[in-house]
Amino acid sequence: MDLQNTLERGARKENSAFISKVFSLFGLSILSTGVGVYVGFHYLLATFVANPLIMYGLFAVELLLIIFSRAWSKTVPLNYFLFALFTFLSGVTVVPLIASFAAEFGSFDIIYRALFSTTVMFIAMALLGYSIKKPLVGFSGFLLSALIGLVVVSIIGIFLPWGNTGEMIFAGAGVLIFSGYAMVDVNNLRHYPEDEYIQAAIQLYLDIFNLFIFILRLTGAVSRD
């Protein structure tokens with residue numbers, strides 16, 4: 001019994017250290033994205049407008065980094081560099097979207113409201129996910145199906161654009177899906193192998209980044225209505 005208790009305490013301690021490491025990386029990813037936004041606004045926005053292919057090229061780099069993340073996520077120190085690069089590029093490439101919303105609504109107030117709402121929503125769902133001890137495996141399957149559906153609808157929307165009401169429904173669905181992912185991915189931190197801290201941090205980063213995008217779109221749709 002004493003041996004079992006000792007092993008359980010050791011496992012809890014290791015898991016706590018893993019979660020702390022993941023959230024430290026997550027915090028650094030937010031900082032890196034902020035730097036990317038600053039650089040994008042001050043040095044690259046005009047270039048993106050004049051030559052959108054540059055922005056699409058950066059998008060391609062982001063996509064490749066995510067696709068091959070399992071190949072580099074355990075290689076130190078390359079994993080730290082590529083993780084920082086990915087989050088930095090995410091900040092750079094989101095600048096045109098932020099700028100378009102700021103221009104449409106005449107100020108950055110809509111951006112600040114979306115950031116505040118994203119922070120509150122993510123923290124609430126993260127706390128909920130952490131408080132649930134049971135693995136949310138079944139919920140993960142539902143979210144994946146919903147995400148695939150969202151991607152399909154977004155592709156259809158390229159050819160058959162919807163109105164503001166459709167945008168509101170679409171963005172609302174995105175908010176629900178990535179709120180759910182935030183809950184599930186924080187819950188799953190208990191079950192990651194110790195050397196997959198980068199993968200765990202990437203998942204949390206993608207949750208909050210996409211949550212912000214959809215909350216921004218939803219806020220814009222509500223403001224136009």
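Predicted model: local features only at pLDDT ≥ 70, side-chain atom pairs only at ≥ 80, totals over all residues.
Two or more lining residues are given by each of helix 2 (52-67), helix 4 (78-93), helix 5 (95-105), helix 7 (137-159), helix 8 (164-187) and helix 9 (197-224), and helix 9 gives the most, with 8 residues. The volume of the largest pocket is about 710 Å³, and its lining consists, by class, of 17 nonpolar, 6 polar and 3 charged residues.

The second largest pocket holds about 540 Å³ of space. Its lining is made up of 25 residues, and those closest to the centre of the second largest pocket are Ile30, Leu115, Thr118, Thr119 and Ile208. The elements that contribute two or more residues to this lining are helix 1, helix 6 (109-131) and helix 9, with the largest share, 10 residues, coming from helix 6. When the lining of the second largest pocket is divided by class, 21 residues are nonpolar and 4 are polar, while no charged residues are found.

The largest nonpolar core comprises 47 residues, and within this core Val22 and Leu189 touch the most other members. At least two residues of the core are supplied by each of helix 1, helix 4, helix 5, helix 6, helix 7, helix 8 and helix 9, and helix 9 gives the most, with 15 residues.

Threonine 33 counts as buried because its relative accessibility is 11%, and buried means under 20%. Apart from its neighbours within four places in sequence, threonine 33 is in contact with Thr87, Gly91 and Tyr205. With tyrosine 205, one of these contacts, threonine 33 also forms a polar contact of 2.6 Å, which joins the side chains of the two residues.

Conventions
Residues numbered from 1 in each chain as written. Heavy atoms only, no water. Buried < 20%, exposed > 50% of the residue type's maximum accessible area, 1.4 Å probe, protein only. Polar contact = N/O pair within 3.5 Å; in protein donor to acceptor, adjacent residues only side chain to side chain. Contact = heavy atoms within 4.5 Å. 1 Å grid on protein atoms, 1.4 Å probe; cavity = no way out; pocket = protein on both sides within 12 Å on 5 of 7 lines; lining within 4 Å. Points joined across faces, edges and corners; volume = space filled by probe spheres on them. Helix = DSSP H or I, 4+ residues; strand = E, 2+ residues; numbered from the N terminus. Nonpolar A, V, L, I, M, F, W, Y, C, P; charged D, E, K, R; others polar. Core = buried A, V, L, I, M, F, W, Y, C linked by side-chain atoms within 4.5 Å.
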